[in-house]
Structure formats: C-alpha cells, structure tokens
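Here's a quick tour of a protein model for anyone just getting started. Have a look at the picture first, then follow the notes below.

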Amino acid sequence: MTNSLEATIELNQIDPRTRYFTALGGLFLALLPLIPLWVLSIKFDWSLWLLPIYAVLAAGLVARYAVAAHARFGYALLDDGLWLQRGVYWRSCVFVPRERVQHTEVNHGPLDRKMGLAKLVVHTAGLRQQHLIIPGLTDAQAHALRDNLLKRAPIHAPIAPVNLLPIAELNMPADVPLEGDLVPQADLDPKMSVDLPSELAPSPSPKLAV
Amino acid sequence: MIPNGENQAAEQLQVQPEMRLAAAQRIELTGGERLHAFSWLFVLVAQLWNLIVPLTLVLVAGRMSKDDGWETFFALSAALVLSAYSLFYTQTFRFWMASDELIVKEGLFNRTLRHVPFTRIQNVAFRQSLLHRLFGVVELNLESGAGTKPEAKLTVLTMARARQLEQEIRGSLSSSTLPEAAPADSVAVTTLGARLLHQVSLFDLIRLGLISNRGMIAIGTAFYFLSQTRLLPTNVFKDIGRWVKTDVGVAHGPLFWLLSGVITLAMIIAVVRVASIGMAIFLFYDFKLFAESDRLRVEHGLLTRQGGATKASRIVCFLLRDGLLYRWFNRQSAEVVLPGSLALEDGNSGPKGMRYLSPMASPEQANALIALASGVSLSDIQLEPLHARAWRRMVKWPLIIVGVQVLAMLTFLAIKNQWLEGLGFVISLSGFSGLGKAFAHSGLVGMVLAFAYIAFAIWIVYGYKRSAAASGFALTLTHLIIRSGYFSQCSHIVPRGEIQSVTLSQSPFDRRSQMANVHVDLRAGSALETPEAAVHYLPEAVARDLAAALRTGSG
C-alpha cells in the first residue's frame, strides 16, 4: 500500500467482495434522505427529477467509498502480533501484541455464508479497542489466521518481565511464521501446524531511540 | 507479561476439573463457615439502597395522593420481600478456606459453588459504614482482574476474621509455586516494609473540595428530590430580586439584572463549593496510604471507612492530575487504575477498592509516590513536544464554531434592522423577558457581542498555546508517559507491559497538516472516568516511530 501509515509492513488484502457489503450498508444510509426529499418535493412542488439525480449521485459516492474502503483495509500477521489498517477518511492502524489476544471468533453472517466468506473477530482485554474484525476471509484463511494468532509461549514456562526488555532480546520461541509468510494464504491448511525450530530468533523489529 | 502470565496460570488452575474435585474432597463441603450473624441486615440495607429512588417516590406519591394508601402497602411489602431474601441469602451462604483457594456457596434458587484460587485475587477492597462499625464488622470484596463482578463478596465478616482471611490469601500469594516474576519497580516498595507513606490533612481536603465538583452531583440529586416533593425553594430567586430592589435600591434596567444574576450565580457557586467540600471530607477524611511488603493499601472516609489494597506491579496506569486550581494551591492528585476497576462501576453498594495514591498532595509528594509505585521519576523526564503547529489545530474549530454563531446572531439583528430590540427578542425567547427588555434599552449590545468574541479568541489562543506547549510524551524502557492539557492537566504513566493495543490514527485534517495521533488501550479503568491515553497532534514521523517503538515494547 502506498498510502499506508506504516510503509514497512507488507499487508494482506481481504476478499474484494466485501465491497458489496460496504456498499449495501452505505446505500441504506445514503438513500434514507430520499424520504424527506420526496415529502418536500411534493409539498413545495419541486421537480421529481431531483430524486433520481440524488439517488444516482449518492450511489456513485457510495460505490467510490466502498472501493476505497476495500483498498485501504489490510492486515498482517507479524511475528509479534496482529497489524490492522483501515479507514478511508479517518485512517488508523492498530497493533495487537500476540500475548494480548484474549480469544478469537470466526463469524459467518448470512451474506458471508452465501459468498463463502468468514469474519475473524479478535478480542482483547482493552477498554476502548475491545475487538478487531477482519472481514472477507475464506473459512480456511480465518481458521489458519486464528490458529496462528493463538500460538504463544508455553503457558507453564516461567514468564520473564517483558516490560523491562525490548522484545528482540526476549527468548521467545519463534514457532510462528515470520511476517510475509502468510501471503499465499489460499494454500494454508487450517489444521497445518507450523513448527519452526525454537532457536530461530524473531526478526529484528524497528526500534526507536529513547 | 507478568500479570497476564499469572492470569493464564490461574485460569489453568481453575479449568482443571480434577483439581477442583481434589479441593472439594479435601475439605468436605458439608460444613463451611457462615457469615456474621447480622449479615442479613447489611444485605438488606444494600438492597434497599439500590431501590431508594423508586421506594421514596412511591412513598412520597402515597403521601401526596389521599388514597387508601396502596403505595405505602406496596413499599412495605417490597421491603418485606427484600428482608426475607436477605435473611435466606445470608443464612444459606457458606465459605471454606482451602490451602490455595476460597470456595463459596451462595444462592437461593440458583445455587452456585465457586472456587476462587488465591492467585486469581488481585485486589482486596473493604468497606465499613457507620452501621458496620457499630457491629464491628466489615464488607470484603475479592476482585480478579477481569469479569464484571467481584470474584467473591463477603457481606459481612468480623474485622478480626476479615484480617485473618486477607492474610491467608496474601500468604498464599507470596509462597505461591507459580512463576512470580517481580518487576524491578516493586523493589522500591519492598525495601520499605510496612509503613505509612502518606496522609491527607483536613486543610487539603478543603482544597480538594474547592477544586473538585463532587458536590454538583449531591446538589443535583437534592434538587431532583426536592422537585419531586414540591418543596423546591423557587422563592429564593424572587427573594434575591426583592433584596436587590429594596435594599440595594436598583429596581430596573440592566444593572438590576446584572446584580441579580451575579448574586444568584455566586450563591449557586457557593452552595456547590460547600457541598463539594462536604463530599471531599466525607469521602477522604483521614486518607492514609500504607506500603506493606510489595503492596499498597489505602483507607479513607469519615462515616464510611473504605479502601483497598493492591500489588504495586498490578497497577495498569497512574494518573497525575494538575490544573489551574491545583497550581494555585500547589497541589496535585495521584490516581491509580487497577485491573477490574471497570467492573465496580455498576453497583454503588460495594467497596470500590483502591483508586488514589493521594487525592491531594504537594507536587513533590505526588511525584515521590508515583516514583515509588512505578519507578518513574517524573521530574527527570523530558517530554517530546507536539507538532509546532498543534495549537493552531486546537484553536481552529472552537473559533470557527463560536464565530459562526456570533455572526449569525449579528446578521439576524442586522436583518431585523433593529439591533438592540433584536437581541432583546433573542434573550426573551430564552425565558428572560425582563432581561430582554433591559438589553433592548441599553445601547451596547452589538459592541459587547463583538468584544466578547475577541476576548474569547484571545483567551482560547492563549489557553491552547499553553496547552500545546505543556503536552507531550516520553518513552522509557518500562513506561509510556503522556501529558496533556494545561488548565486541566492529566499525565498518564503507563507500564508498557500493560498496553493492550497500539493505534496510530490520522484524520483528514491531520493528513493535511502532516500530523498523526497515537492511542494506547489499557486493560481497565472506566470509559467515563479514565481519560484516554492518547497523544494527539504529533508530527507524522514521530507518531510512526512512537507506534513502532510501543509495538516492540508491549509485546
């Protein structure tokens, strides 16, 4: 993505058919003013041509928005967590560390089922950003992403005081694919487990001098 | 993460069925310990307190209407049902202390047996009202970091038993076999041993009352009740008018309205201040902060003593509040946000736990307390500034919005071509017909409006310039520090290990001026009371670097 806030991360795109979902929701909102417009047209004897003109303009804008929303949406599964980018006008990038993922859900709405798509919902224990939604995944992709995301350091291992060290120095088992490994997602088997040798150090992350 | 790791371990402990079985067999669930004999009274009081508004209304309505008094009957039967419930609830309540967990059996129709491993208990909160003190008992809440309810609520125990219980729970915490990595910041606390760290004087509580607006809620509630009972002293305002007319001798014109207005406003402010001072003393009288081994404990309150304890390493975020009034008094307030404090919003009947290191301390004391509990010495920290043009962004929209309103008003008057009567009309619309007339007769309205806007503009530019200059962030190896505002200032000190997610965001306006914002999400707090930990109006590159650095540090 050229317009990404974080240019160094390679993002995965979601299914282009999510544009229809966005457009559907947008159209509903955009066409609501037709009702008062219709009432006003009758009351003040305005030309009824206003209605279709408004509808076409609104639909055009919604379509543009839906395309842009899809183009702007991207996610990446990194060695240390999940990275999500979204928003057309108000843009944001969210990063959730792997350890902070509380639980995940794979959802299928009625439209999703019709198109064979799934949503992955990632819950955190946060106060304001309690869940992140990645729509437009295939079922296999959603499950693979979930399995991958839930892989973490073994629970019984002694837990080091992470907040005292930058992550690159932590002896974290790297049993998760490094960033970029997930790009050919269609090939991923949901049950496949990725077992990399635990000596493999995670890729060095960008650091800010403090 | 340390707390998270323990959580996982604790969850692990909880979900293993064979362990639960073992615990159940170990202590034969037939006996069990009961609550204090008078517990039903306290459960009843809590229930009645929750229903106080509807019950009062019903009773008042019963008194107003001269019916056969079905309302009174209704209220009495409701009270009777509640008493019966309280009695049954407390009589059937049992708990057992195992070696590593607390087992609670409760419920009337829906009986539950709950196992609460000691390791899962993160905060212990207590409350002791005047009634509790009369009986020598205390209400105990055992909270975990998550969920919407306390893990166990013991209403009520004798003081001695509660202390013993807490010690058993803590003893288990310190001798736990679970990994208990002590972060460096708690070392400062451990070396101190148990001692009184801080105490708030009565004089400081008066200052707190002058700063805080807690009295507003009390006054508002009182007003609401008075309006329901038709006892509202509406005559007070008339009396003020009469007094200005007869004693001051100003009967007409803008001066009359100005005087009456100023007196009324001063009176309202005085009443709210007095109520706020009263609330501050009621809530925080004899505020004490103790350090015991690695824990911090507070207690406070005039009639109702309440407080809580927590491990210093459990604190999710520190908030240091400062502002114009704080500066005048040379004071600051140091708050803590604990995991699970979100849960305690819903019911106001339970203890709230630990919320303050000190509600009112000198800046040196506040900094020292935060340094002690977090390991961050704020006075040594150099903040990274916001974007140089940040203040312009802050100023822009308030100026435009108010400017448009002023312009609209002036245009409206100009169109009416009767400037002064026009404004008089606007004011009479808002209900002050006399005031409207008064203004229509005076000769300065348009000018006043324009000058008021200029004054507002100067004030707001000055304020936001100060605010932008005072705001900023700093990143240490362990903590993220965010400071924002000037007239009302809040500093967040967030342990990086507590960050749940990092968001880098940019609005269209941000993009145009090449700025961006960074937010971090925390594990707890209340969405209403805890200000968002966010840095706005950063230069884009700085924001990007900050987000990247937080990413590496919070994983």
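To check a helix's length, you need its expected span, which is 1.5 Å times one less than its number of residues. Helices here are DSSP runs of H or I with at least four residues, strands are DSSP runs of E with at least two, and both are numbered from the N terminus. This is a predicted model, where local features need pLDDT of at least 70, side-chain atom pairs count only at pLDDT 80 or more, and totals for chains, interfaces and linings use all residues. Residues are numbered from 1 along each chain as its sequence is written, chains are lettered from A and ligands numbered from 1 in the order in which they are written, and side-chain values use heavy atoms, leaving out hydrogens and water.

**Chain B as a whole**

- Of its 555 residues, 47% count as buried; buried means under 20% relative accessible area, exposed means over 50%, and partly exposed is in between, using a 1.4 Å probe and protein chains only.
- Take the contacts in chain B between residues at least 6 apart in sequence: 62% of them join residues at least 24 apart. A contact here means heavy atoms within 4.5 Å.
- Chain B exposes about 26,800 Å², and carbon and sulfur atoms supply 64% of that area. Accessible areas come from the Shrake-Rupley method with a 1.4 Å probe, and for residues only the protein chains shown count as cover.

**Helix α3 of chain B**

- Helix α3 (residues 39-50) of chain B has twelve residues, so at 1.5 Å a residue it should span 16 Å; its end C-alpha atoms are 17 Å apart, which agrees.
- Which residues of α3(B) are buried? They are B:S39, B:L41, B:F42, B:V43 and B:L44.
- Those buried residues pack against α5 (70-92), α6 (130-135), β5 (137-143) and β6 (152-158) of chain B.
- As a bit of background, an α-helix has 3.6 residues a turn, so residues three or four places apart point the same way.

**Sheets and strand pairs**

- Two strands pair if DSSP finds at least two bridges between them.
- In chain B, three strands make an open sheet in the order β1-β2-β3, with antiparallel pairing. At its edges stand β1 (94-97) and β3 (112-117) of chain B, each with a single partner strand, so one side of each has no neighbour in the sheet. The twist averages 15° from one strand to the next, with axes fitted as lines to C-alpha atoms (for helices over the stretch in contact) and angles running from 0 to 180 degrees between N-to-C directions.
- Four bridges link β1(B) to the antiparallel strand β2 (residues 101-106) of chain B, and B:W96 stands opposite B:I103 in β2(B).
- Another open sheet has six strands in the order β1(A)-β2(A)-β3(A)-β17(B)-β18(B)-β19(B), paired antiparallel. Its edges are β1 (74-77) of chain A and β19 (533-539) of chain B, each with a single partner strand, so one side of each is left without a neighbour in the sheet.
- Where do the two chains meet in that sheet? Strand β3 (residues 91-97) of chain A pairs with strand β17 (residues 501-506) of chain B over five bridges, in the antiparallel sense. There, A:V94 stands opposite B:T503 in β17(B).
- Strand β13 (residues 356-361) of chain B is mostly covered, with six of its six residues buried. Strand β12 (residues 332-337) of chain B pairs with β13(B) over three antiparallel bridges, and B:E335 has B:Y356 of β13(B) as its bridge partner.

- B:Q128 sits in strand β4 (residues 123-128) of chain B and is buried, at 11% relative accessible area. Its side chain reaches the backbone oxygen of B:V137 at 3.0 Å.
- Beyond neighbours within four places in sequence, B:Q128 has contacts that include B:R133, B:M159 and B:L303.
- B:T92 belongs to helix α5 of chain B and is partly exposed, at 23% relative accessible area. Leaving aside neighbours within four places in sequence, B:T92 is in contact with B:K105, B:G107 and B:R111.
- B:L325 is in helix α13 (residues 324-329) of chain B and is partly exposed, at 33%. Not counting residues up to four places away in sequence, B:L325 touches B:L210 and B:I211.

Terms used:
Polar contact = N/O pair within 3.5 Å; in protein donor to acceptor, adjacent residues only side chain to side chain.
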